[in-house]
Structures are given as C-alpha cells and as structure tokens.
Amino acid sequence: MSSFLSTRSFPTCPVVLRNGRNLLLALSTTWLLMPAEAAAQVRLPRLVSDGMVLQRDQPVRIWGWAAKGEKVSVAFQGKTYQATTGSDGQWRVTLPAMKAGGPYELNIKASNALSVKDVLVGDVWLLSGQSNMETPMSRLRDKYPDVIAQAANPRIRQYEVPMSYAFQKPRTDVNGGKWIAADPQTVLQFSGVGYFFAKEINAKYQVPVGLIKDAVGGSPAEAWLSADALKQFPTYEQQGAKYKDSAMVAGIRQREGAAVANWYKQLYQADQGEARGQQKWSAPEYDASSWATMNVPGYWANQTPLGPVNGVVWFRKEVEVPAAMVGQPARLELGTLVDADSTYINGQLVGTTGYQYPPRKYEVKPGVLKAGKNVVVVRLINNGGRGGFTPEKNYQLTAGGQTIDLRGPWQYKLGATQPPTPGTTTFQYQPGGLFNGMIAPVLPYAIKGVLWYQGESNTGRPQDYQALMTSLINDWRGHFQQPKLPFLYVQLANFMAVKPEPSESGWAAVRDAQRRTLAVPYTGMAVITDAGEWNDIHPLDKQTPGHRLALAAQKVAYGDGKVVSSGPLYQTMQVAGNKATLSFASIGGGLMAKGGGPLKGFAVAGPDKKFVWAQARIEGKNVVVWNDQVPNPTVVRYAWADNPEGANLYNKEGLPASSFQTAAPVVTP
C-alpha cells in the first residue's frame with residue numbers, strides 16, 4: 001500500500017516469545033494482519049452499518065466480501081436473498097424497491113453472521129463539494145441556537161466520509177465514519193447546508209432522510225472526476241498521473257513537511273517574544289509601554305510602517321473587567337485572523353488556530369479573568385501576504401451577560417520576520433484523487449440525488465468550469481448507474497469587497513458557468529448572491545442555500561411541477577436601437593425589483609466590450625436595459641462582480657435572479 005494512503009494500525013508481534021501470553025498475542029496479531037478473505041469471514045463496507053438509511057422506491061444493492069466461492073444469505077423485511085462470492089471475494093445482492101419505513105434489521109449469514117440494526121428506508125442524498133458544504137452546524141451554533149436545540153429527529157441521519165485520496169486505483173471502501181441520528185449534540189457534526197435541506201425534505205415528505213457527507217475543503221472540481229472523465233481534460237489528466245508514483249509522493253511529503261517544520265522552527269527561534277532568558281511578551285506583567293499602536297480590526301500592511309511583512313507580530317490590549325464578569329465562563333471572540341494565532345489572557349493560553357478561516361471563538365475558563373486590569377495578547381503568524389484582523393467581525397469579550405468591545409487601538413510589536421512559508425503540495429486537490437478515495441467506495445450505495453456546493457477553488461480558471469461540471473455530472477451518473485440522477489448545486493455566494501465600477505470577475509464567470517450547466521437535464525441551482533458575506537468565504541447563512549436546494553429538489557427530484565424552484569434565469573436578448581430587451585424563465589408570479597426602486601446591477605457594452613452601468617426597467621415578463629452612451633449594445637451583464645451588492649432582480653416568490661452575461665443578441669431593425 002502506498003505510504004500516503006490511510007491505513008489501519010495494528011499491534012506489532014513481540015520478537016521474543018517469553019510465555020504463553022505472548023504466544024497468544026502473536027497468534028491473535030497474526031490473524032489481525034491476515035486479509036479478511038483468508039479468514040473466511042463475511043464483512044460489510046462501512047456504509048452498510050447500524051443506523052443506515054436505504055433508498056426507497058428503487059432497487060438497493062447490499063454488498064461485501066468473504067472467501068472466494070462462499071455462499072452468503074441476506075435477510076431483510078422477511079425475505080432472504082442469496083449470493084456467492086466471485087474470484088475477487090466480493091458478493092452482492094439486490095433488494096427490491098421498498099417503501100419508506102423502519103427501523104428494520106438486516107441479517108447476513110455465511111461462515112459467520114452479522115446484523116445491521118436500526119435501518120431506515122427513506123431518501124439518501126450525497127453531499128459533496130468543498131468547505132461550504134463541509135461546514136458543520138458547530139460553526140453555526142451562535143446563528144442558529146434554537147435550530148440546534150430542537151434538532152432531535154432520529155429520522156434525519158448523516159454519515160461523514162473521512163477525507164481520503166488515491167491515485168493508483170479506486171478504493172473499495174471508505175476509511176471510517178458511522179451513521180449518526182440528529183439530536184442537539186450530534187447535529188453539530190452535520191453539514192449545515194445538508195441539515196437545513198434534510199429538515200425541509202423530512203418535514204414535507206414525511207420520510208427518513210440520510211445524508212452522506214462526502215466533501216473536502218478547498219477541493220477543485222477536477223479532483224472529483226474519475227480516470228475516465230479526466231481523459232477529456234489532458235492537462236488535468238497529466239497533472240494527476242504523476243502522483244501515481246507512491247514513492248515520489250512519499251518523498252514530496254517528507255521534503256515539504258520538513259521544510260515547513262523548519263520554517264516554524266526558525267520563526268520560533270527568531271521570535272523575540274519567545275526568547276529564552278527574558279520575560280515572555282505574553283506575560284501580563286511585561287512592560288509594553290514602548291510598543292506602537294494600530295487600530296483593530298485591520299491589517300498591519302495598511303496601518304503600520306511594517307508594510308507587508310511576513311513572520312510573527314504580537315498584539316496586546318489592556319481591558320478593565322468589572323467584578324460581575326469574574327468567576328464564571330467567558331468567551332473571547334476575535335473575528336477571523338490572518339493567518340495563525342496563539343491567544344492569551346493574563347498569560348494563560350486560551351486558544352490557538354492554525355489558519356485564517358475558522359472564527360476565533362475561544363471559551364475562557366472561570367478564574368482566568370480578574371476584576372480590574374486584564375491583558376489580552378495575540379501572537380499572530382502571517383504566512384504570506386497581509387496579516388491582521390479581518391474587518392467587520394466581532395471582537396469582544398463576554399461573560400455574565402456583559403460584553404467588552406475589543407475594537408480600537410492595540411499595541412503591537414514585530415517579533416520576527418521570515419520569508420513566506422515554503423509551498424506544499426495539497427495531494428487531495430490533485431485531479432482524480434478524491435473520486436478514487438471518496439466517491440468510488442460509495443458508488444454501489446443507492447441514492448436519491450446529489451447536493452453539490454463547490455466552485456470557489458476554480459475561480460482562477462473559470463473558462464474550464466462548465467465543461468468540468470458537465471463531465472462530472474455525467475460521470476457520476478454513469479458510475480452510479482442512474483442516468484437521471486438529480487444533481488442540485490449551489491451557485492457561488494457574494495464575496496470580497498464591492499467594486500464601484502463594472503469589472504471582470506472570476507467569481508462571476510464561475511457563476512455564469514454554473515448557470516449554463518443547467519442545460520444538463522435533471523439539474524437545479526440555488527442562487528445565493530444575497531446570502532454571502534463580503535469578508536468571509538464561509539458565510540454563516542447556511543439555511544438559505546439549504547432551503548433553495550430543497551426547492552430545487554421538489555421540482556427536479558420529487559416531480560412537483562407547480563413549485564417555483566428558482567429565481568429568474570436569463571434566456572434571450574433582442575436589440576432595437578440602443579435598448580436591449582431580455583427575456584427570462586422561472587419568473588414565477590412575475591419579475592420585481594426587491595425593495596422597490598429602480599433595478600440595479602445591470603451593465604452594458606457595445607462592440608468595444610467596455611462595460612458601463614445601465615438603466616433597467618421591468619416591462620411585463622421582460623427587462624429592458626440601456627445606457628444613452630452606448631448606441632449599439634452587444635452584451636449585457638447582470639450581477640457580474642465578486643460581490644454584486646445591490647443587484648435586485650427577483651421573482652415575486654422572493655428568489656433572486658442568477659447573474660449572467662448575454663450571448664450574441666438578436667437585432668431587430
């Protein structure tokens with residue numbers, strides 16, 4: 001097995017057998033190291049386990065492994081199904097389509113017997129993509145405390161597939177995980193988007209909902225393509241092929257790991273705030289009177305003479321804590337920090353985070369705060385780019401119902417400078433790796449459909465995205481042997497600073513590719529350019545995408561032809577004079593400008609392709625767009641920006657229009 005693939009560890013046999021106990025240990029250990037087939041024991045894939053949800057209304061495969069030629073019987077709902085393993089030691093039976101229900105028990109007999117308990121039959125959805133699909137409810141607990149408190153529902157379940165990649169061949173089993181039913185504690189592990197989706201589907205259709213969470217933060221679309229699908233993309237295929245050499249991969253990991261470890265070692269050794277033989281800068285009694293100040297939140301490259309320095313910068317703030325806040329649990333919130341921090345209160349480490357995205361919400365034990373002066377110290381490491389405190393986030397200390405605002409002047413001092421962190425290879429992002437490691441083992445499991453939230457990692461190459469996604473959808477449908485498998489996805493949210501003038505945008509280009517991917521049958525898209533956060537790639541609003549995916553599911557997967565499942569979708573453009581008339585599908589009860597007032601977010605260009613803001617008005621089922629300075633409009637864009645703030649075209653069901661760029665217009669004389 002390649003050194004970079006996940007393996008299970010077993011105890012090692014003693015070299016010298018000094019007594020019978022060691023002999024028994026050696027024998028049992030040897031048995032553990034034998035292949036399951038050699039031990040003639042029937043075994044199941046990890047997905048087929050206690051608490052699982054099986055897909056209703058379609059044939060369901062149950063599979064596993066045993067000795068070659070071994071006979072296996074599977075009993076479920078009063079019927080028994082027979083199978084015999086092939087030369088590869090694999091067996092499979094197919095259960096007929098079943099109605100929703102349960103709990104049931106599944107019994108497997110061969111040379112040994114297994115029971116799978118608490119089995120439900122309902123709808124199973126595969127959740128995939130990158131970190132916004134992965135984001136758990138635990139990250140959202142401040143936003144949705146009541147939802148979490150009321151999450152007890154044994155008919156909503158999730159199986160989380162651990163991250164795993166492989167390049168030599170597809171895996172046959174996932175490398176961990178278990179089915180868990182939703183309650184106020186376990187729901188914290190659920191995908192936020194997935195849970196809100198499942199909650200709506202369960203309530204509407206009154207069936208159990210199983211979620212298979214199969215997502216990896218930062219993953220590009222090409223990592224989820226099979227070897228067959230990658231043949232359409234020679235550049236990506238060649239990129240992934242070089243990682244089939246496991247020895248090379250092991251060497252890269254060793255060299256890069258050593259380089260990064262050495263970077264941090266050198267940084268620590270150079271950091272004046274951690275220097276031996278002197279008082280640590282984290283100590284509350286340290287004299288920082290000579291330190292300069294900068295306003296928090298903000299970035300030191302913008303506010304201080306340090307400029308865009310890499311390394312470690314220390315920040316320090318003294319706060320007065322009233323006696324009423326002392327002697328009880330407290331929470332320190334420091335927004336998000338760029339990049340890694342170790343944070344102290346009164347010299348005690350209260351939290352540390354290794355990269356910029358997780359919100360800093362550090363729980364502070366009773367006894368750390370004291371009445372009067374308290375000292376908060378942040379040791380902040382910047383790996384490359386600008387470091388600091390993300391604007392427009394919470395920076396506060398709370399306890400006993402009282403809050404101390406930590407925004408404003410903080411003292412700072414440079415601890416050490418370093419070149420940027422050495423680059424590393426993120427193997428799980430390489431083409432094909434995640435399909436082999438995380439999708440291939442799930443393929444025999446019958447599912448209702450796919451929920452997909454991804455694209456942020458492809459915004460640097462938006463020109464490839466429609467082809468990648470069209471290929472991925474068809475690829476998965478073929479491997480799941482479900483040619484009409486519903487594939488529902490989330491369009492990218494609004495993100496980054498608002499720009500005052502029309503401009504190019506990789507984020508908008510990916511959104512447009514996502515819109516155009518709706519040409520693939522049995523797909524649906526949730527538009528959420530009104531649900532993002534300019535300063536956070538992981539917006540906390542996961543209820544909106546979950547709800548809009550549920551609307552798409554009602555139409556695409558459940559066949560509800562009456563539901564308005566989407567906001568307006570651009571269809572055609574006709575030009576007469578200096579006015580472009582745009583038609584839309586999915587207008588529901590009619591087009592509207594949300595909040596009243598004029599339509600915003602439209603830009604127009606002539607043959608010179610120079611875009612300027614345009615006026616726009618609704619005329620019945622159409623939108624008319626113009627700018628008096630553009631006598632011959634050829635292209636119209638809507639919501640074409642990283643963060644299209646103010647774009648307000650909706651239908652009367654309250655669903656936003658997708659961003660778009662028009663194709664060549666139809667010109668009327």
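The radius of gyration here is taken over C-alpha atoms, and the globule rule is 2.2 Å times the number of residues to the power 0.38. The model is predicted, with pLDDT of at least 70 required for local features and 80 or more for side-chain atom pairs, while totals for chains, interfaces and linings use all residues. Numbering starts from 1 along each chain as its sequence is written, and side-chain values use heavy atoms, leaving out hydrogens and water.

**Figure 1. Overall dimensions of the protein.** For 669 residues the rule gives a compact globule a radius of gyration near 26 Å, and the value of 28 Å for the protein agrees. The C-alpha trace spans about 80 × 80 × 50 Å along its principal axes.

**Figure 2. Secondary structure and burial.** The protein has 12 helices and 37 strands, taken as DSSP runs (helices H or I, at least four residues; strands E, at least two) and numbered from the N terminus. Of the 669 residues, 54% are buried (under 20% relative accessible area, 1.4 Å probe, protein chains only).

**Figure 3. Surroundings of E456.** E456 lies in the loop between β24 (449–453) and α10 (465–480). Leaving aside residues up to four places away in sequence, E456 touches Q130, N132, L492, W507 and I537 (contact: heavy atoms within 4.5 Å).

Figure 4. E456 is buried but has no salt bridge (a side-chain nitrogen of Lys or Arg within 4 Å of a carboxyl oxygen of Asp or Glu). K542 is the nearest side chain of opposite charge, 7.6 Å away; Lys and Arg count as positive, Asp and Glu as negative, and His and the chain ends are not counted.

Definitions and conventions
Buried means under 20% relative accessible area, exposed over 50%, partly exposed in between (1.4 Å probe, protein chains only).
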